[in-house]
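Here are my notes on the model you sent over, as numbered points.

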Amino acid sequence: QVQLVESGGGLVQPGGSLRLSCAASGKIFSINIMGWYRQAPGKERELVASITSGGGTNYADSVKGRFTISRDNDKNTVFLQMNSLKPEDTAVYYCNAVIRSWGGTTAYWGKGTLVTVSS
C-alpha cells in the first residue's frame, strides 16, 4: 500500500523559515508529479507548488520568491523550503503525488502537517 508521510511543520515567527518533507513508501513503480497544497481555516485547499519528475516547477503567485520545492527521486521524497513566512501562510500543508504502482496510476494525499506563523 502506498503512503505519503509529511514532516516538518510547526510554529514559527513571521519572517522565519521551515522545511517540509514528504516521503512516499510502498510498492512504487514511478512517481510523476509531486506537490504541496495548503488549506487555511475557512478556505479551500489550494496548490502551493508542484514539481515534475524532470524537475519542472510551478508556484502559486503568493509564494513565488519565498518558497522552493525540490525532490529526491532516489528516495521518493519531496521538500518545501519556506522562507520569509507570513501569518497568511498559516495552514495545514498536504503532500500530493501521482504514483504508478501495482494498482495503476493514482493521486495520493498525505494526512497533512500544520504550519503556524505567529508572533
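1. The largest nonpolar core in this predicted model has 31 residues, and those with the most contacts inside it are Trp36, Leu80, Met82 and Tyr93. At least two core residues come from each of E3, E4, E5 (46–51), E7, E8, E9 and E11 (113–117). Strand E9 gives the largest share, five residues.

2. Next, strand E8 (residues 77–82). Five of its six residues are buried, so E8 is largely enclosed by the rest of the structure. On one pairing, E8 runs antiparallel to E3 (residues 18–25) over six bridges, and Cys22 has Val78 as its bridge partner there. E8 is also joined by six bridges to E7 (residues 67–72), again antiparallel, with Ser70 partnered by Phe79. The E7–E8 hairpin has four residues between its strands, and Asn76 in the turn has a positive phi of about 50 degrees.

3. How many disulfides does the structure hold? There is one, and it joins Cys22 to Cys95 with an S to S distance of 2.1 Å. The link is left-handed, at -80 degrees about the S-S bond. Cys22 sits in strand E3 and Cys95 in strand E9, 73 residues apart, so this counts as a link between distant parts of the chain. Both cysteines are buried.

4. On to the aromatics: the count comes to two pairs. Phe29 belongs to strand E4 (residues 28–39) and Trp102 to the loop between E9 (91–101) and E10 (104–109), so the pair ties together parts that are 73 residues apart in sequence. Buried or exposed, what is Trp102? Trp102 is exposed, at a relative accessible area of 67%, while Phe29 counts as partly exposed at 43%.

5. The other pair is Tyr37 with Trp109: the ring centres are 4.9 Å apart and the planes stand at 65 degrees, so this one is edge-to-face as well. Tyr37 is in strand E4 and Trp109 in strand E10, 72 residues apart, which makes the pair another link between distant parts of the chain. Tyr37 is partly exposed at 24% relative accessibility, and Trp109 is partly exposed with a relative accessible area of 39%.

6. Where does the charged end of Arg45 sit? It is over the ring of Tyr94, 3.7 Å from the centre. Arg45 also lies over the face of Trp109, at 4.6 Å from the ring centre. Trp109 therefore takes part in both the edge-to-face pair with Tyr37 and the contact with Arg45.

7. Strand E4 has a further partner in E5: five bridges join the two, running antiparallel. Tyr37, from the aromatic pair above, stands opposite Leu47 in E5. The E4–E5 hairpin has six residues between the strands, and Gly42 takes a positive phi near 80 degrees.

8. Strand E5 then carries on to E6 (residues 57–59), with three bridges in the antiparallel sense. The bridge partner of Ser50 in E6 is Asn58. Five residues separate E5 and E6 in their hairpin, where Gly55 in the turn has a positive phi of about 100 degrees. If you are tracking side chains along any of these strands, keep in mind that in a regular strand they alternate between the two faces of the sheet.

9. Last, a residue from the start of the chain. Ser7 is placed in strand E1 (residues 3–7) and is partly exposed, with a relative accessible area of 39%. Not counting residues up to four places away in sequence, Ser7 touches Arg19, Leu20 and Ser21. From Ser7 to Met82 the separation is 75 residues in sequence and 13 Å in space, C-alpha to C-alpha.

How values were computed:
Residues numbered from 1 in each chain as written. Predicted model: local features only at pLDDT ≥ 70, side-chain atom pairs only at ≥ 80, totals over all residues. Heavy atoms only, no water. Phe/Tyr/Trp six-rings, centres within 6.5 Å; stacked < 30°, edge-to-face > 60°. Buried < 20%, exposed > 50% of the residue type's maximum accessible area, 1.4 Å probe, protein only. Lys NZ or Arg CZ within 6 Å of the ring centre and 35° of its normal. Pairing = 2+ DSSP bridges. Disulfide = S-S within 2.5 Å. Core = buried A, V, L, I, M, F, W, Y, C linked by side-chain atoms within 4.5 Å. Contact = heavy atoms within 4.5 Å.
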